[in-house]
Amino acid sequence: MCFLFCHSRRLAARVHRLEEKVEELTAKVQLLQHRLSELESEVRSGLTVNPELQTFFDSKIGQNISISTNNVTVIGTVLASGVDAVEIRESNGDIVVIPYANISVAQ
């Protein structure tokens, strides 16, 4: 009698652990699906979200900075930074918006 009862309890405990693991994995899959959706959106738009660059440029607002892309180097004052681009005013007054995806060096 104890054999069946003890075995049943162990089996129930194992089922419970497996159910918890399924819940944990389901939550992780949902997070990954959300992140994948964000990345697909960025790829389609060509605009890349980069929180590290945004934080960097936020700290440089009002300061002169040099930003290099594959084609050009822009020197000017940081006016604003967004989730996917930075806005710079060059010394001649021109305002340039540079997508983060195009930046190779910022200093």
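Which strands does H2 lie across, and at about what angle does H2 run to E2? I opened the notebook with this point, working from a predicted model. I found that H2 lies across E1, E2, E3 and E5. The angle between H2 and E2 is about 90°.

**Entry 1: the chain as a whole**

I looked up the secondary structure and recorded 2 helices and 5 strands in the protein chain. Along the sequence, they follow the pattern α-α-β-β-β-β-β. The radius of gyration of the protein chain is 26 Å, well over the 13 Å that the globule rule gives for 107 residues, so the chain is more spread out than a compact globule. I also noted that the C-alpha trace spans about 90 × 25 × 20 Å along its principal axes. Of the 107 residues, 17% count as buried.

**Entry 2: the sheet**

I then traced the strands and found an open sheet of 5 strands in the order E4-E3-E2-E1-E5, with antiparallel pairing. Strand E4 (95-99) and strand E5 (105-106) are the edge strands, and each pairs on one side only. I counted 5 bridges between E2 and E3, which run antiparallel. Within the sheet, Ala-80 stands opposite Glu-87 in E3. E3 and E4 are likewise antiparallel and are joined by 5 bridges. There, Val-86 has Ile-98 in E4 as its bridge partner. These two strands, E3 and E4, form a hairpin with 4 residues between them. In its turn, Gly-93 has a positive phi of about 95°.

**Entry 3: the nonpolar core**

I searched for the largest nonpolar core and found 11 residues in all, including Leu-53, Phe-57, Val-74, Val-86, Ile-98 and Tyr-100. At least two residues of this core come from each of helix H2 (51-59), strand E1 (64-68), strand E2 (73-81) and strand E3 (85-90). I examined Val-74 in particular. Leaving aside residues up to four places away in sequence, Val-74 touches Ile-65, Ser-66, Ile-67, Ile-88, Glu-90 and Ile-98.

**Entry 4: Ser-81**

Is Ser-81 buried or exposed? I located Ser-81 in strand E2. Its relative accessible area is 16%, and the cut-off for buried is under 20%, so Ser-81 is buried. I next listed the neighbours of Ser-81. Not counting residues up to four places away in sequence, Ser-81 touches Gln-54, Phe-57, Asp-58, Val-86 and Tyr-100. With one of these, Asp-58, the side chain of Ser-81 makes a polar contact through the Asp-58 side chain, at 2.3 Å.

Note on methods: Residues numbered from 1 in each chain as written. Predicted model: local features only at pLDDT ≥ 70, side-chain atom pairs only at ≥ 80, totals over all residues. Heavy atoms only, no water. Core = buried A, V, L, I, M, F, W, Y, C linked by side-chain atoms within 4.5 Å. Buried < 20%, exposed > 50% of the residue type's maximum accessible area, 1.4 Å probe, protein only. Contact = heavy atoms within 4.5 Å. Pairing = 2+ DSSP bridges. Axes fitted to C-alpha atoms, helices over the stretch in contact; angles between N-to-C directions. Polar contact = N/O pair within 3.5 Å; in protein donor to acceptor, adjacent residues only side chain to side chain. Rg over C-alpha atoms; globule rule 2.2 N^0.38 Å.
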